Structures are given as structure tokens and as C-alpha cells.
Amino acid sequence: MKIYGLDFTSAPARTKPITLADAELSGERLDVAGVHRIPSFAGFEMGLEAAGPWVAGMDFPFGQPRRLIEALAWPPDWSETVDRVAAMPREEFEKLLTVYKARRPKGDKEHLRTTDRIAESLSPMKLYGVPLAKMYFEGAPRLRATGLSVVPCRPSADSRVVVEAYPALVARRILGRRSYKGGGAKADERRRARRDLVAALGGDLVAGAYGLRVRVGAYLAEELVADPGADLLDAVLSAIQAAWAHTRRSSNHGVPRACDPLEGWIADPATAVPGAR
């Protein structure tokens, strides 16, 4: 089975491209063939149209918190909500969130989805730092415009399946809270963390959690370690989550059936049972 992992950006360019890990799942072995750089949304859209079957884990929020959607009186349906967002200029969407948050009390400005609480991830309303709201704005409508099976927001019988990934969950199993991204004064320490993370991908920790033996060639492994932003590595970690989801395809790709499809859900063993870590 063809497996992809994608590290997304809200403004792709040659200097900061979308990164795509290309892998093949055979039984319990996931062979990562390489990581490709996609410098434009046009390239991303072309990839979405690639013939299936395939499963892709994409590192951006597929939905917004139900609390936000209800407060804005948007439709309680994922496709209709995404259509509402897609009809706006990006500046209008950003202003809407900014005004909404300005009216909220301190400590309750950026809501979390249920899956964010379990995964300890950031709010998809976040505009700065890690601009997840901008990633949602650019990513979700492009998924909506295709016939893809978007789990759990808009599942279908299409042989092309996308699940929401959060590579930090894979990294935490190996590194705990050690940082593996960035340069600066801690560049050497973070490079060592990336090396430890890459070295552990084929080991027992990943196999025990995801049921997979991950194989990364020596040349690619060095490329993953050398990338200080860890975009390439995050694409590979997203592919691991996509492969795990495929092995759980008979049980909703590992996503709890009781989850809220309006919000979306991160596919990972840590989130497969609400409240699990």
C-alpha cells in the first residue's frame, strides 16, 4: 500500500516548501523511499488527484473547534463549514478570528478540539507562532474540493484516504519532551535529538506502539538529521501515523467512532481511545 506523510505550510515556497514523505507499507514493514519538496499549492493539489489506492497523513487541522463554529452560527456540517471558509478572502478569515478572540476572556480565547486536549496539541484557531488557523484555511478547502475520503470529517468509499497527523506524538514516544527542531544555541543538542529519533524509528518503541518496522535508508536518514527545521522528519513521522491508520482501516482508521466529525481527529494510538496517552 502506498503511504504518504505530509508536513504542511500555509505559505509554500522554495525556501519553505510543503514536504512529502513517500513510503510503501508491506505487512508490518514501512519502507520510506524518500522525501519530496513541494514549493506551491498547485503541486499539492496535483498530488491530491494522484490515482489511489493510498493513505496520507497530513500535519494540519482538518477542522475547527465546535465551540467556535457554534458561536459563529456556522453550519454544523464539516463540508458546509469548510465551504463557508473557502468563500472568504484569507484576510477576512484572519480578521474574524482576531475579533472573536479579542472579545473572549483571558484564558479562553483559543478553543481546543477534543482531540487537541488528548494529544496536547495547540488550538487550530492559532494565527501566530505555529499558524494552525492559516494552515486550516489553506488545507481544509483543498481537501473538500476533491473526492478524497477525509477521515472522520467526510469519509467515503474513495481509495484515496487522508487522516490528520500530529508528528509530535510519534516523537514524544521516543524523545519525551526533548526538542528536535531549530538551531541557535541549542542546535547541536537538537541535532542529537533528531539523530536519536531517526535511529529509533526501526526499533521496538515504534513497533510496539504502531505495529510497524520502519526502514529509512542511510542517505535519507542523514538528510533527516541534517534538516534543522525537521520538516522532512515530520513528514516521515506523519507517514508512520498514516500507515498505522491504514492497519486500522476496518475500525474507522483508528479514529473513535464517537468522535465529532465536525472537528476532525488526529490519527494515532495515543488518541484512539479518548483520554488515552
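Trainee: In the predicted model shown above, where is proline 131 found?

Mentor: This is a predicted model, and that should be kept in mind throughout. Helix α5 covers residues 114-119, and helix α6 covers residues 132-144. Proline 131 is found in the loop between α5 and α6.

Trainee: Is proline 131 buried, partly exposed or exposed?

Mentor: The relative accessible area of proline 131 is 21%. Buried means under 20% and exposed means over 50%, with partly exposed in between, so at 21% proline 131 counts as partly exposed.

Trainee: Which residues is proline 131 in contact with, leaving aside its neighbours within four places in sequence?

Mentor: Proline 131 and phenylalanine 60 are 71 residues apart along the chain, and their C-alpha atoms are separated by 9.8 Å. For contact, heavy atoms have to lie within 4.5 Å. With the neighbours within four places in sequence left aside, the contacts of proline 131 are Ser10 and Lys126.

Trainee: At what angle do helix α3 and helix α6 pack?

Mentor: Helix α3 is made of residues 78-86, helix α6 is made of residues 132-144, and their axes are 9 Å apart. The angle at which the two helices pack is about 125°.

Trainee: How do the residues of the contact of α3 with α6 divide into nonpolar, polar and charged?

Mentor: On the α3 side the contact includes Trp78, Ser79 and Asp83, and on the α6 side it includes Tyr136, Phe137 and Arg144. The residues of this contact divide into eight nonpolar, two polar and two charged.

Trainee: Is serine 79, in helix α3, buried or exposed?

Mentor: Serine 79 has its place in helix α3, and, leaving aside its neighbours within four places in sequence, it is in contact with Arg144 and Arg154. Its relative accessibility is 12%, and because buried means under 20%, serine 79 counts as buried.

Trainee: Which way, left-handed or right-handed, does α8 pass α10?

Mentor: Helix α8, residues 187-200, and helix α10, residues 218-226, have axes that come within 8 Å and cross at roughly 145°. Among the residues that meet are Arg191 and Val198 in α8, and Glu222 and Leu224 in α10. By class, this contact has five nonpolar, no polar and four charged residues. The crossing in which α8 passes α10 is right-handed.

Trainee: How many disulfides does the structure hold?

Mentor: A disulfide is a covalent bond between the sulfur atoms of two cysteines. The sulfur of cysteine 259 is 7.9 Å from the closest cysteine sulfur, in cysteine 153, and that is too far for a bond. For the structure, the number of disulfides is zero.

Trainee: Is cysteine 153 buried or exposed?

Mentor: Cysteine 259, at 12% relative accessibility, counts as buried. Cysteine 153 has a relative accessible area of 10%, and since buried means under 20%, cysteine 153 is also buried.

Trainee: Which peptide bond involving proline 152 is cis?

Mentor: Proline 152 has its place in the loop between β5, residues 149-151, and β6, residues 160-164. The omega angle of the bond is about 0°. The cis peptide bond is the one that joins valine 151 and proline 152.

Trainee: Where is histidine 253, and is it buried or exposed?

Mentor: The place of histidine 253 is in the segment after α11, which covers 231-247. Leaving aside its neighbours within four places in sequence, its contacts include Val151, Trp244 and Ala267. At 13% relative accessibility, histidine 253 counts as buried.

Trainee: Is alanine 230 buried or exposed?

Mentor: Alanine 230 is found in the loop between α10 and α11, and its phi is near 60°, a positive value in a residue other than glycine. Its relative accessibility is 0%, and therefore alanine 230 counts as buried.

Trainee: Is alanine 73 buried or exposed?

Mentor: Alanine 73 is found in the loop between α2, residues 66-71, and α3, and its phi is near 60°, a positive value in a residue other than glycine. Its relative accessibility is 61%, and because exposed means over 50%, alanine 73 counts as exposed.

Conventions:
Residues numbered from 1 in each chain as written. Predicted model: local features only at pLDDT ≥ 70, side-chain atom pairs only at ≥ 80, totals over all residues. Heavy atoms only, no water. Axes fitted to C-alpha atoms, helices over the stretch in contact; angles between N-to-C directions. Helix = DSSP H or I, 4+ residues; strand = E, 2+ residues; numbered from the N terminus. Nonpolar A, V, L, I, M, F, W, Y, C, P; charged D, E, K, R; others polar. Disulfide = S-S within 2.5 Å. Buried < 20%, exposed > 50% of the residue type's maximum accessible area, 1.4 Å probe, protein only. Left-handed = near helix turned anticlockwise from the far one by under 90°.
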